[in-house]
Amino acid sequence: MPAAKRLFSKTLTLSDITCRRGGRVLFQNVSLTVPPGGIVHLTGRNGAGKSSLLRLIAGALPTAAGRVLWDGADISEMDREDYAQDYAFLPPDDRDLKLLETARENLLFWAMLWKIKTPDAAVNAALADMGLAPLADVPVRVFSAGQKRRLSLARLRMKQSALWLLDEPFNALDSHAADLLADALRAHAAAGGIVVLAAHQAPALAGVTALPLGAAA
Amino acid sequence: MRHVLIPHLARSLRLHLRRGPEALVTVFFFVMIAALFALSLGGGQDIVARAAPGIIWTAAALAALLALESLYHRDYDDGTFDLVLMSPVSVFAVVAAKMLCHWLLTGLLLLAALLVVAPMLFIPFAQLGVLILSLFCGTLYLSLLGGFGACLTLGSRKPGILLVLLILPLFLPMLLLGVLAVGASLAGMAAKAYVLLQFALLLPALPLAPYAASVCLTMNVRSS
């Protein structure tokens, strides 16, 4: 992989964000600017609003106040499909993987839906990246929790988006896979990509900005 | 459109076939209802033949609703729709592809099953053409309405009964025209007008149903 080749150059800005769920304020006045190459680690206790903030950045949850800006544009005014091209979301669990399909079939579905050029090659590369090449044609039904997590991460990388939103990416990963993921995060940041991740343990990476949530509550 | 249609067709066919016997439930259900009526009406040719259009249409409507849950509610429950909304792809196209998948997995199979059901209900093969054409409209209409109803009930714990209550009333005009068309053809009269009216019902639903369904899907997924 060519070192420090800048692929992405967009900035994420959170401006005075308040999040309310079920009538309760989870956090308020959260502001942050993440330049290209920035990695943000969301911290906070259970229910502090880490997942909510990730969904909020993805535009899947409305803000009670404040704005999310992507490259200077308010995401609530952007075209949903345009913005969706720029970010990739890792759900906190892997329930969406179809157990009756193989790893390859699962990824191919999304590769085609995302209009990735040469989907077969992209799927093979993504599987190899996360060390899943030998399991490519095995039904996901027999995967362990960690292997499913790796498959979700492989799918995320396949999308080649500038902004990664990761909800508990290290869950169920063994130390080898966690190292693979840390390498991937480092490479993504080096390419100018942005990572926002919610995790209970800080990732073993240099230059991570911590954003504590729910301190007000 | 191709990039949406092909993966959806491939996935729904694959999952359908790998679920094993579940894939044939729709067709067996259709054939069983027809057989039950044929037997319980006493087997008299004139009675059964007169009731045949009604039996076929009712059985098709109920059978088509069976496959909705596995196509829509499973994708909602496991978070697939959530990821679809986070994808650079039009929701309208996704829903339209789902509706086509539903028709291929139910409507098309029901039309094929007519070859078994028609002789059971004393429908002469000469009249099969009108029956197939009119049921083609009907099953496609059911796939469109069904997709809309399914997207409307995403998130409900027991969507089955709700779907029946929602969709069947909307399906009534199509059912009436279909029964009239088949009845007319069995009585040796022209069925063309009824079949054309069926197409007239179907056409506006082709764009409207996926549109309405895509709005419901977005609302239901984003509010959860």
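Two residues are in contact if their C-beta atoms, placed from the backbone, lie within 7 Å. This is a predicted model: local features need pLDDT of at least 70, side-chain atom pairs count only at pLDDT 80 or more, and totals for chains, interfaces and linings use all residues. Residues are numbered from 1 along each chain as its sequence is written, while chains are lettered from A and ligands numbered from 1 in the order in which they are written.

Start with Leu53(A). Setting aside neighbours within four places in sequence, Leu53(A) contacts Cys19(A), Leu42(A) and Leu213(A). Leu53(A) sits in helix α1 of chain A, residues 50-57. Helices (H or I, at least four residues) and strands (E, at least two) are DSSP runs, numbered from the N terminus. Leu53(A) counts as buried because it has 29 C-beta neighbours inside 10 Å. The cut-offs are these: 20 or more other C-beta atoms within 10 Å make a residue buried, 12 or fewer make it exposed, and in between it is partly exposed.

A nonpolar core is a set of buried Ala, Val, Leu, Ile, Met, Phe, Trp, Tyr and Cys residues joined through C-beta atoms within 7 Å. The largest one holds 135 residues. Leu107(A), Ala111(A), Leu165(A) and Ala60(B) touch the most other members. Not counting residues up to four places away in sequence, Ala111(A) touches Ile116(A), Pro119(A), Ala122(A), Val123(A) and Met158(A).

**Chain A as a whole**

Chain A has 6 helices and 9 strands. Its radius of gyration (taken over C-alpha atoms) is 17 Å, close to the 17 Å that the globule rule gives for 217 residues, so chain A is as compact as a globular protein of that length. That rule is 2.2 Å times the number of residues to the power 0.38. The C-alpha trace of chain A spans about 45 × 35 × 35 Å along its principal axes. Buried residues make up 41% of the 217 residues.

**Where the chains meet**

In chain B, 20 residues are in contact with 18 residues of chain A. The largest share of this side of chain B, 8 residues, comes from α1(B). The side of chain B that touches chain A divides by type as follows.

| Type | Residues of chain B |
|---|---|
| Nonpolar (Ala, Val, Leu, Ile, Met, Phe, Trp, Tyr, Cys, Pro) | 9 residues |
| Polar (the others, Gly among them) | 5 residues |
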